[in-house]
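Subject: Structure handover

Hello,

Here is the structure I promised you. Please open it first, then read my notes below.

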Amino acid sequence: KYVYADLATRRPKPMPEDFKALFTKKMELEKVVPLEDPPSHAQVVQCHTSYSNLDMQYHVNQSQYMKFAMNAGCSVSEKGGFSVLKVKKVKCLFLGENMTDEVINVHVWEDDKNPFMLYFYMEKEGKCVYQTVFEYYSD
């Protein structure tokens, strides 16, 4: 999901049609299907946002969510939850904004049928703000 922001109000606004046309020609956009709520067996790792996580609009930068997911995956892996391998493909979906000094609960679980697929569901105060799926190489 792509968001175009008004620099003055720092709020989302419709993306200009000429930009959209140019952008979609250069990149094939794949639809990301939202995850359902995490299963009861998902493990939870807390992440705390800080000033170094912020972008110029004072929101947590998109790259930080990937770091939160990777750190949560490694944390669960260290405890024997599952093996973390080389990342093959990533799909992500932004659903909310975060600022500094907030707690994000990262729910992590492995796909029931594919051990090379990890799901990350990030929520703040009970509301989902970000989701990502990591697919790993099998070798």
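Which residues of H2 are buried? They are Gln64, Tyr65, Phe68, Ala69, Ala72, Gly73, Ser75 and Val76. Keep in mind that this is a predicted model.

**The helix.** H2 covers residues 62-78, which makes 17 residues. Its first and last C-alpha atoms are 25 Å apart, close to the expected 24 Å. Gly80 follows H2 and has a positive phi, near 85 degrees.

**The cores.** The largest nonpolar core has 21 residues. Tyr65, Phe68, Val106, Val108, Phe120 and Met122 have the most contacts inside it. E3, H2, E5, E6 and E7 each give two or more residues to this core. H2 gives the most, with 5 residues.

Now look at Val108. Leaving aside neighbours within four places in sequence, Val108 touches Ala42, Gln43, Ala72, Val76, Phe82, Tyr119 and Phe120. There is also a second, separate core of 8 residues. Ala42, Met117, Tyr119 and Val133 are among them.

**The strands.** E7 is mostly covered, with 8 of its 10 residues buried. How does E7 pair with E4, and over how many bridges? The two are antiparallel, over 7 bridges. Cys92 stands opposite Thr132 in E7.

E6 also pairs with E7 in the antiparallel sense, over 8 bridges. Tyr121 has Gln131 in E7 as its bridge partner. E6 and E7 form a hairpin with 2 residues between them. In that turn, Glu125 has a positive phi of about 55 degrees.

Best wishes

Conventions
Residues are numbered from 1 along each chain as its sequence is written. This is a predicted model: local features need pLDDT of at least 70, side-chain atom pairs count only at pLDDT 80 or more; totals for chains, interfaces and linings use all residues. Side-chain values use heavy atoms; hydrogens and water are left out. Helices (H or I, at least four residues) and strands (E, at least two) are DSSP runs, numbered from the N terminus. The expected span of a helix is 1.5 Å times one less than its number of residues. Buried means under 20% relative accessible area, exposed over 50%, partly exposed in between (1.4 Å probe, protein chains only). A nonpolar core is a set of buried Ala, Val, Leu, Ile, Met, Phe, Trp, Tyr and Cys residues joined through side-chain atoms within 4.5 Å. Contact means heavy atoms within 4.5 Å. Two strands pair if DSSP finds at least two bridges between them.
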